[in-house]
Amino acid sequence: MSNFGKGKRYSWLPESNPSALSGDTNGQQQTLQRSDSGEKTPKTNRSGRKAGRGRGKDSKAGSFEERPEGLGITTKSEDTINQNGSSTSMTQSSSSRNNSTTKRQQRRARKDSVDDLVRSRFMSMNSQSEDSRSDAGRRGEQVPMAAITANVRDALASEQRAARGSHSHTANGEYSSRSNVRLSSLESKYSFPSIAPLSQRNVTSSMRRGDHGVASHSQPPFEAAQGENVIVIHPGSRWLRIGRASQAVPREIPHVAARRLKVPVSANNDNVVPQHEAAANEAKAQHSSAVEAMDVDRTGAGSASDHSNSEDGDSDSESEEFANAGDSSVDETLSMLRTALKQHQRHSKRKVPSNAYSQVISYNRQSQPETIQDHNDPYRIEWIMPSDISEDCVTGESALRIADDQKFSIRWPIRNGCFNVETYASIEDVLGDLEAIWLQALENELGIRQRELKDLGVVLVIPDIFNRLEVAAMGSMLLQRMGFGHLLVQQSSTLVTFGAGFSSACVVDVGAQKTSISCVEDGHCAPESRVLTMYGGDDITRFLYHLFVRSHFPYAEAQLNRAHDWMMLTDLRERFCTVNLSDVNIRLHSFFVRKPNAHTLKYSFKTYDEPYQAPLCLFYPSILDAYYELPNYQESFVNASYPRVHGESKLIELTATRFGILPYKAKVSAETSEAATAPATVPETETGTPDVRAQSVHPTESLPSLSSVKDKLDEPPTAFVSDSEAQYSRIPLDVAITHSIAHSGSIDRARKLYTSIVIVGGGVSFIPGFDDLLASRLMLLRPEFLRSSVERVDIVAPPRDLDPRVLAWKGGAVLGRLECAREMWVSSTDWSDFGPRMLRDRVLFQW
């Protein structure tokens, strides 16, 4: 039955015989007249059905008693259609059909039964819409009908053979209504209406040849079981930590780039540190003149004996006199800190040194440097001359060892935990330096070339409070510009818990220029517990240098905007800073100054409480504002580049302190529009710490009197509103931790987090005694609702003697090899098709 219908068409179909639809029967009558002239009387077989039916129109017309004019059916040869290009009659003489064999007639009988089905279907359709079709034909319109192909006719034939017993002819040779019902069911199964083709003009698609749907479903998942094909990148403000996930520790590289300038700058080049770092140099000059005015050595050696007669009184007056020599904005805080230090020393029964500040200043003023030859200096620096540099961009340690930095622009792409908006003009400039630093680190430190990155995956560590624009820009750079195959993004606090092996902890990350606090439980960072403020280890270095200048620092030529001087002061902070009372004494220290094209100089100087007071600036951030003014992020290129919707920016506002949820303050107002339902944190205490006392009355309390109730009704209502001004100033470290834990959730969770505080980062991790000092301050600042439940505060050390500076990187290496992280990878194909929207479904935090 597969070859049936290939050599003939039904003329009643719209594409074969338009005249059948228009009601024109002239062509039909002419065909029937020619067939009637040569018609022979058909013979009948045993079953009573007419035999001798052939393909010709003559035999078909004579086999039925119905009027052929009403049917309007003709059959046309395919060959004639191909040769003439139009529909012509296929009527042949009956004598040519009578020469066929009996076997062919039997085959025709089976095929003609399908013709009867098709014809019966047409008759039922034609009887219902004959008038509408004739009207449409007169207007010259084309009426759509069901298109039945040869394959459909084959299916109809098979259905007819299966249900042959249910079909019967009427006395006139037509099928009964039962066959019409059957055909209706067949029509619904094997026919469909013709549909006009869609216009392909101006149609575009991102689908490529071979795509079968969403790209992520057509690609195999990324396999990173061993970690050899996973690169973990933790970008910081000062250091870049990068390495394979299979390595034990990462490579630490200075996150800096130096580009050659066409026109050299002046000698006061401000390449390493922003311009307002020069304020410290101005303060140093002011202090030098003030110290000269002080009569610290009034009578030479006799002054020391005079001061020794009264240890306490003269020492106090000396400290006051010394404090007045500095910046007036810092004098009050510094005087308070030194007074508190004396009280702690007396309380712990420690002897307070007499005239300590005078001894320190006298020794430092007389200190002279000692010259050390290069062959005697085992740590001498191999400086790089500009003539030996062939590249336009130098990164890492090589950028800091350039002898003549006036011919290069030395810039740090990341500052205060976000893009550097002070020394860069656009996001493309920042991304250009980031790409150069990361590519050279991959090639020089790990031996990976850029063409090999397509087979590797990268884990990017981002801050807890991040800027979506910056993360999207770095993701596009990694996948599209650098050529990595897959990307995984995760917050740093969550990765710290992975690297340390903690299920829940309050992570305090004190870096070089930003401090981040978050509460993490079971791999999830609570959004409302996040706090990020812009201070860190660099601010301790600035304050320590200012204290040294007050003590007449022997290296008077030091400048914070020079790379070698900044590295020297950072080394002094890491070696000498402490908060142990036992270390507060007059001590003699030495340091080395290494300059380009000069011999190494060794200086000796004395210190008293300067290394102790410097780390305390994190608890009194008002001191830091005197030495470093934060940039205006509202007018930076970051906000200008971010798309705005209905005049409101989706960008998280870059301020001095960013909160997951703003602290609340009490506002007495009856008609305030900013009034909000008091959440977990309501009125502030005297110390400024958010208080989370419950708003319900204890059942054991006695009922208030009528007079007290009347007095409270007369008072104006108190509304608790968000303190939006709190984000524009740097919050103290202990207050920030208290705010984070107070917003972590329930009381049980807060009590648990107070006993699992982890300090990471390179800012304060190596300062002796800092953990005990922070724990004691947090114990005093407990919220009111936690005073009865929190009995102790514990600062947990990282397990297995891990370096706290690399815990976030270690957690990224662990996450990149987990089996559950396979669904978090974003391929480069997904990113090119869908962009940063893929991160919404692939990350474990709120995007």
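What is the relative accessibility of R251, and what does R251 count as?

A: R251 has 36% relative accessibility, so it counts as partly exposed. The cut-offs are simple: buried means under 20% relative accessible area, exposed means over 50%, and partly exposed lies in between, with a 1.4 Å probe and protein chains only. A word on the source. This is a predicted model, with residues numbered from 1 along each chain as its sequence is written; local features need pLDDT of at least 70, side-chain atom pairs count only at pLDDT 80 or more, and totals for chains, interfaces and linings use all residues.

Next, the partner of R251. Its side chain meets that of E445 in a salt bridge, 3.2 Å from N to O. A salt bridge here is a side-chain nitrogen of Lys or Arg within 4 Å of a carboxyl oxygen of Asp or Glu. R251 sits in strand β5 and E445 in helix α18 (residues 427–445), so the pair ties together parts that are 194 residues apart in sequence. Helices (H or I, at least four residues) and strands (E, at least two) are DSSP runs, numbered from the N terminus. E445 is also partly exposed, at 32% relative accessibility. By the salt-bridge rule, the count comes to 28.

R481 is partly exposed, with a relative accessible area of 34%.

Now the sheet that holds β5. It is open and has 6 strands, in the order β5-β4-β3-β12-β13-β29, with mixed pairing. Two strands pair if DSSP finds at least two bridges between them. β5 (251–254) and β29 (826–827) stand at the edges; each has a single partner strand, so one side of each is left without a neighbour in the sheet. Strands of a sheet pair through backbone hydrogen bonds, either parallel or antiparallel.

Walk along the sheet. Strand β4 (residues 239–244) pairs with β3 in the antiparallel sense, over 5 bridges. In this pairing, P235 has L240 in β4 as its bridge partner. A hairpin of 3 residues joins β3 to β4. The neighbours β3 and β12 are parallel, with 4 bridges between them. There, I233 stands opposite L460 in β12. Then 6 bridges join β12 (residues 457–462) to β13 (residues 486–491), and these strands run parallel as well. V461 stands opposite Q490 in β13.

How covered is β3? It is mostly covered, with 6 of its 6 residues buried. V230, V232 and H234 point one way from the strand, while I231, I233 and P235 point the other way.

Helix α19 (residues 468–481) lies across β3 (230–235), β12, β13 and β29, and runs at about 150° to β13. Helix α20 (residues 492–500) lies across β12 and β13, running at about 90° to β13. The angles run from 0 to 180 degrees between N-to-C directions; axes are lines fitted to C-alpha atoms, for helices over the stretch in contact. Contact means heavy atoms within 4.5 Å.

Compare a second sheet. It is open too, with 3 strands in the order β8-β6-β9 and antiparallel pairing. Its edge strands are β8 (393–395) and β9 (408–411), each pairing on one side only. Neighbouring strands here are turned by 20° against each other on average, direction ignored. Strand β6 (residues 257–260) pairs with β9 over 4 bridges. R259 has S409 in β9 as its bridge partner.

D565 and R562 form one, with the closest N and O atoms 2.8 Å apart. D565 is buried, with a relative accessible area of 1%. R562 is partly exposed, at 23%. Elsewhere, D539, R542, D625 and R730 are linked in a network of salt bridges.

Conventions
Side-chain values use heavy atoms; hydrogens and water are left out.
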